[in-house]
Amino acid sequence: MLDKAQLISTALSSVDSLNSEDVPEIISSIQEVRVTRILVTDNSGLAVYDSLRVRNERGKMMLLPEVVQALASRDVFHCSYEGGALQSHAAMPVFCGNRMTGAVYLMEYDTEEGAMIQTLQANILYVSLILEAAVILISVVFSATFSGRMRRILQSIRTVREGDYSNKIETRGHDELDQLAGEFNELTDRLQDYEQKRRQFVSDASHELKTPLASIKLLSDSILQNEMDEDTTREFVADIGQEADRLTRLSEKLLELTKIDAGTEENREIVEVAEVAERVAHMLAPIASLREIGIRTDIASDCTVMTIEDDLYQILFNLAENGIKYNNDGGLLEISAKCDEENVTLTVSDTGVGIPADSIDHIFERFYRVDKARSRAAGGAGLGLSIVHDMVERNYGTICVENRPEGGSRFTVTFPYIPVEVEA
Ligand code: ADP
């Protein structure tokens, strides 16, 4: 538009003054300017030419804002979109030499471009409506799915809270909710396992307590109901005493296990294995000698472990006591310890009956006994090895058992080696 206005302005610069005779002639000689309106004013704003047929303003003062600005020596151009049409306005001054002789104003009313803009506007509106609808739909579907899955997780948590640990949440993907469901399933597995062990423990413990109690009741009833000589009565009372001892041992072991389960932290210190092993051998020597079982110790002198001293004593005592209980008369019990840069390895071996292959994996379970009659006769309740196992674990060690090729069994306990720093 400004180009066109410039063209007309240049053409009009050939005359001294713009008047209604010269201007129409000059403009009609310019072919290529096709706009809706061409208006030319003299330097006072009086219209000397107007191309409009209808509402032609020639001869009137035309102080349109664009004309006013052009008469103030400024080029003007602006566009507006109104009523479905694009309207462009351009104006610029006309000079003859250095003197301003008037202004030229062009106006273009373009309905074609207006229609294009209208279609574009309609399309944008249409597309944005579709997008908005899609976003709303996706959010509704997403939030419905999310809250559905959340509801299922909450439902499962409630079910588990009521004690049904078998309830599992189905997982399909790997998003955060699936991870949450996975963690929850693992937790319920552990709870189920724990609950099952707890029930088993309570039932085994009650059974173990019931047996000596029943014997005591039977023996005391017999004493009360039958006329007995003094020797038989003494014998029965001695049996009652033995059953009471068994009950005491059992409750001591149960208390020990509860203490380990509670996980109360006790003081660990650097303990010399040799000293503890010798004490155990010394304590067990009298019962071993009753059955002519020899005890041999082979402990490297510099073996030290970071442990609770009572635990180490209990571990070695229980293993060595079993090595005597389940040994053959005249057999041998060996306690040895050696250490390398990383580990202290303790072994307790015997020449006894050994452990059947199908029992070896269960030997550390609570109340597990291979030969119930033999174990009970020896005063055992199947708790000693599980106490040993839990104590070894809480002192960061490991324990394993194997049958020796030459007969009997060998228990191996390994602890991390803690060297004692000798002060210079
Ligand atoms: P218990 O108090 O009955 O001895 P333990 O937990 O100490 O319980 O041992 C569990 C079972 O493992 C025992 O009943 C016994 O059958 C078997 N057992 C333990 N130590 C030995 C061993 N040195 N030789 C053979 N069997 C053993």
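**View 1. Leu 39 in strand β1.** Leu 39 is buried, with a relative accessible area of 0% (buried is under 20% relative accessible area, exposed over 50%, partly exposed in between, with a 1.4 Å probe and protein chains only). The residue lies in strand β1, residues 37-42; helices (H or I, at least four residues) and strands (E, at least two) are DSSP runs, numbered from the N terminus. With neighbours within four places in sequence left aside, Leu 39 is in contact with Ala 47, Tyr 49, Asp 50, Met 62, Leu 64, Val 67, Ala 103, Val 104 and Tyr 105, contact meaning heavy atoms within 4.5 Å. Ser 14 is 25 residues from Leu 39 along the chain, and their C-alpha atoms are separated by 17 Å.

The model is predicted: local features need pLDDT of at least 70 and side-chain atom pairs count only at pLDDT 80 or more, while totals for chains, interfaces and linings use all residues. Residues are numbered from 1 along each chain as its sequence is written, and side-chain values use heavy atoms, with hydrogens and water left out.

**View 2. The protein chain as a whole.** The protein chain has ten helices and twelve strands. Its C-alpha trace spans about 160 × 70 × 35 Å along the principal axes. The radius of gyration of the protein chain is 53 Å, whereas a compact globule of 424 residues would have one near 22 Å; the radius is taken over C-alpha atoms, and the globule rule is 2.2 Å times the number of residues to the power 0.38. Of the 424 residues, 37% count as buried. Among contacts in the protein chain with a separation of 6 or more, 63% are between residues 24 or more positions apart.

**View 3. Val 127 in helix α4.** Val 127 is found in helix α4, residues 111-161. The residue is partly exposed, with a relative accessible area of 46%. The C-alpha atoms of Val 127 and Val 305 are separated by 76 Å, and the two residues are 178 residues apart along the chain.

**View 4. Helices α5 and α6.** Helix α5 (residues 176-225) packs with helix α6 (residues 230-262) at an angle of about 165°, the axes being 9 Å apart. The pair is therefore roughly antiparallel (under 35 degrees counts as roughly parallel, over 145 as roughly antiparallel, 65 to 115 as roughly perpendicular and the rest as oblique). Axes are lines fitted to C-alpha atoms, for helices over the stretch in contact, and angles run from 0 to 180 degrees between N-to-C directions. The crossing of α5 and α6 is left-handed: the near helix is turned anticlockwise from the far one by less than a right angle, clockwise being right-handed. Residues of α5 that meet α6 include Phe 201, Leu 209, Pro 212 and Ile 216, and those on the α6 side include Phe 236, Ile 240, Leu 247 and Leu 254. The contact residues divide into 16 nonpolar, four polar and four charged (Ala, Val, Leu, Ile, Met, Phe, Trp, Tyr, Cys and Pro count as nonpolar, Asp, Glu, Lys and Arg as charged, and the others, Gly among them, as polar).

**View 5. Asn 185 in helix α5.** Asn 185 has its place in helix α5. The residue is buried, with a relative accessible area of 12%. Leaving aside neighbours within four places in sequence, Asn 185 is in contact with Lys 168 and Ile 169.

**View 6. Helices α7 and α8.** Helix α7 (residues 273-290) and helix α8 (residues 309-325) pack at an angle of about 35°, with 9 Å between their axes. Their crossing is right-handed. The contact residues comprise 14 nonpolar, no polar and four charged.
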